[in-house]
Amino acid sequence: MERLVAALRAARSVFVLTGSGISAESGLPTFRGINGLWRTHRVEELASPEGFARDPVLVWTWYNERKSAHVRAEPNAGHDALARLERIVDDFTLATQNVDSLHLRAGSSNVLELHGNLREARCTRCGARRAFEATGLPLDEIDHECGGKFRPDIVWFGEPLPADVWRAAQTGAARADVILVVGTSAVVYPAAALATHYNERAFVAEVNPEPTAISDRIDCVLRGTAVELLPRLLDDL
Ligand code: APR
């Protein structure tokens, strides 16, 4: 912790990458952990364009359940600590793989949503967008007048990340003095590359109760949860 505190005190530019682990203590499941979403659901059925084409009602039923869970959840002390860190660092970028909007609800502002969000839907044919309620998109409103279908504004497996968001994330990671990786197994690319591929100079630290795919390639590993360690980190700064 001391080494990370020292690196952060000296840092002018900080880049943070988060995954579902930071929202675990807000009651939201991770993807690959115990009771993880991909342990209990078939990813190819729910998070792929092919799965959506096959059964859009099944896909929306699942995303509507996730949306309701996101709305019921509250940002936790881990999210709050990162919002505090943003306020004390000159150049701060937070790139998240999460679609739960909890960083924004915690007051973080420079947030890059690498995998989209569940605040809007977009038409598969004309690209029209629409917001939807906390309860999700009504299943009888999936069809759009243009003949297309409204789909969640989420990046599914095999799909490219939003180009502008990805570019901003790459440049944020490349200029950082410190890269902080919180609550991700770092197995999904290209997001995981942000921690290790664009900046040989940065001090890279991870906050995670478990070893990840990058643990043996970075400068500092803090074994514990986001709620346990991030507030302590900010208090020590
Ligand atoms: N605090 C910090 N980290 C935690 C906590 C916690 N309280 N609880 C679990 N973790 C860690 C786990 O140890 C694991 O390393 O969070 C990580 C969650 O990893 P995954 O389940 O693989 O989720 P994530 O890395 O976010 O997945 C990346 O994969 O399925 C796609 O698009 C989806 O954005 C997602 C991407």
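## Helix H6 and its packing

In this predicted model, the buried residues of helix H6 are Gly78, His79, Ala81, Leu82, Ala83, Leu85 and Glu86. Strand S1 (13-18), strand S2 (91-96), helix H7 (102-105), strand S7 and helix H10 (226-236) are the elements against which these buried residues pack. The set includes the charged residue Glu86.

Helix H6 itself covers residues 77-88, 12 residues in total. From first C-alpha to last, the helix reaches 17 Å, close to the 16 Å expected at 1.5 Å a residue. At the start of H6, the backbone nitrogen of Gly78 has a side-chain oxygen of Asn76 within 2.7 Å.

## Helix H10

Within helix H10, the residues that are buried are Ala226, Leu229, Leu230, Pro231, Leu233 and Leu234. The elements that cover them include helix H1 (2-10), H6, S7, strand S8 (203-207) and strand S9 (220-222).

## The loop between S7 and H9

Thr184 is located in the loop that joins strand S7 (178-182) to helix H9 (193-196). Its relative accessibility is 9%, so Thr184 counts as buried. When neighbours within four places in sequence are left aside, Thr184 is in contact with Gly19, Gln97, Asn208 and Thr212. The side chains of Thr184 and Gln97 make a polar contact at 2.9 Å. Thr184 and Thr30 are 154 residues apart along the chain, yet their C-alpha atoms are separated by 8.9 Å.

The loop between S7 and H9 also holds Ala186 and Pro190. Ala186 has a relative accessibility of 5% and therefore counts as buried. Two backbone features may be noted here. Most residues other than glycine have a negative phi, and most peptide bonds are trans. Phi of Ala186, however, is positive, near 55°, and the peptide bond from Tyr189 to Pro190 is cis, with omega near 10°.

Ser101 is placed in the loop between S2 and H7. Ser101 is buried, because its relative accessible area is 13%, below the 20% cut-off.

Ser101 also belongs to the lining of the largest cavity, together with Thr96, Asn98, Asp100, Leu102, His103, Leu104, Val111 and Glu113. The space in this cavity is about 30 Å³, and the count of cavities of 30 Å³ or more comes to 1. H7 and strand S3 (111-113) each supply at least two lining residues; H7 gives the most, with 3 residues. By class, the lining comprises 3 nonpolar, 4 polar and 2 charged residues.

## The second largest pocket

The second largest pocket holds about 170 Å³ of space. Its lining consists of Glu113, Gly116, Asn117, Arg122, Arg151, Asp153, Ile154, Val155, Glu159, Pro160, Pro162 and Val165. Two or more of these residues come from each of strand S4 (116-123) and strand S6 (150-154). The lining divides into 5 nonpolar, 2 polar and 5 charged residues. Glu113 lines this pocket and is also listed in the lining of the largest cavity.

## Thr40 in helix H2

Helix H2 (residues 37-40) includes Thr40. Thr40 and Arg223 lie 183 residues apart in sequence, and the distance between their C-alpha atoms is 26 Å.

Conventions. Residues are numbered from 1 along each chain as its sequence is written. This is a predicted model: local features need pLDDT of at least 70, side-chain atom pairs count only at pLDDT 80 or more; totals for chains, interfaces and linings use all residues. Side-chain values use heavy atoms; hydrogens and water are left out. Helices (H or I, at least four residues) and strands (E, at least two) are DSSP runs, numbered from the N terminus. Buried means under 20% relative accessible area, exposed over 50%, partly exposed in between (1.4 Å probe, protein chains only). Contact means heavy atoms within 4.5 Å. A polar contact is a pair of N or O atoms within 3.5 Å; within protein, one must be able to donate a hydrogen and the other to accept it, and residues adjacent in sequence count only if both atoms are side-chain atoms. The expected span of a helix is 1.5 Å times one less than its number of residues. On a 1 Å grid over the protein atoms alone, a cavity is a set of points where a 1.4 Å probe fits but cannot get out, and a pocket is an open set with protein on both sides within 12 Å along at least five of seven lines; lining residues have an atom within 4 Å of a point. Grid points are joined across faces, edges and corners, and a volume is the space filled by probe spheres set on the points.
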